[in-house]
Amino acid sequence: MKENRVAERYDDMGKIDCQELCALPGSLINISKTGLKVHFPVPVTIDIEAQNEYQLKISLAKKIGEAPLVLVCVPQWVREVEHETEVGFKAMFSPDQNRYKAYIAELEEADKEDIYPEII
């Protein structure tokens, strides 16, 4: 499915901590240069119109043992499905901006190097 996106999204896994939004950790679904998609296991109330900034701590599955990425993000959309919530966040200037950019560059490089066999 082709989506109109500013940047390529990469499916990824990780734990998201944002106590301002939810006492339970969320899960990273995908990530890009411009933002990320997060799943929370419970309903989360977010006022999109307020354009509030939230600090997200992202413990990346591919970077176990490293300190979590700390990003300041603004929610762009919210979807509640069966008492769970998905949120699309736009990444703003953040304390770990350089680490974030380096991680996305790693994902881009890994994506370029992947060779998929043709399906006949």
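Begin by selecting Ser-94: apart from neighbours within four places in sequence, this residue is in contact with Val-70, Leu-71 and Val-72, where contact means heavy atoms within 4.5 Å. The model is a predicted one, in which local features need pLDDT of at least 70 and side-chain atom pairs count only at pLDDT 80 or more, whereas totals for chains, interfaces and linings use all residues. Residues are numbered from 1 along each chain as its sequence is written, and side-chain values use heavy atoms, with hydrogens and water left out.

Ser-94 belongs to the loop between strand S7 (84-91) and helix H1 (97-113). Helices (H or I, at least four residues) and strands (E, at least two) are DSSP runs, numbered from the N terminus. With a relative accessible area of 2%, Ser-94 is buried; buried means under 20% relative accessible area, exposed over 50%, and partly exposed in between (1.4 Å probe, protein chains only).

**Helix H1**

Next, select H1. Its 17 residues should span 24 Å at 1.5 Å a residue, and the end C-alpha atoms are 25 Å apart, which agrees; the expected span is 1.5 Å times one less than the number of residues. Now colour Gln-97, Tyr-100, Tyr-103, Ile-104 and Leu-107, the buried residues of H1. They cover an arc of only 130 degrees around the axis, and therefore lie on the same side of H1; the arc is that of the directions from the helix axis to the C-beta atoms. The face turned away from this buried side carries the exposed residues Asn-98, Lys-101, Lys-112 and Glu-113. Among the elements that cover the buried residues of H1 are strand S3 (26-31), strand S4 (35-40) and S5.

**Strand S5**

Strand S2 (residues 14-17) runs antiparallel to S5, joined by 4 bridges, with Ile-16 opposite Ile-58. S5 is also joined to strand S6 (residues 69-81) by 5 bridges, again antiparallel, and here Ile-58 stands opposite Leu-69. Two strands pair if DSSP finds at least two bridges between them.

**The nonpolar core**

Finally, select Leu-21, Ile-31, Leu-36, Leu-56, Ile-58 and Phe-89, which have the most contacts inside the largest nonpolar core, a set of 26 residues. Such a core consists of buried Ala, Val, Leu, Ile, Met, Phe, Trp, Tyr and Cys residues joined through side-chain atoms within 4.5 Å. S3, S4, S5, S6, S7 and H1 each supply at least two of its residues.
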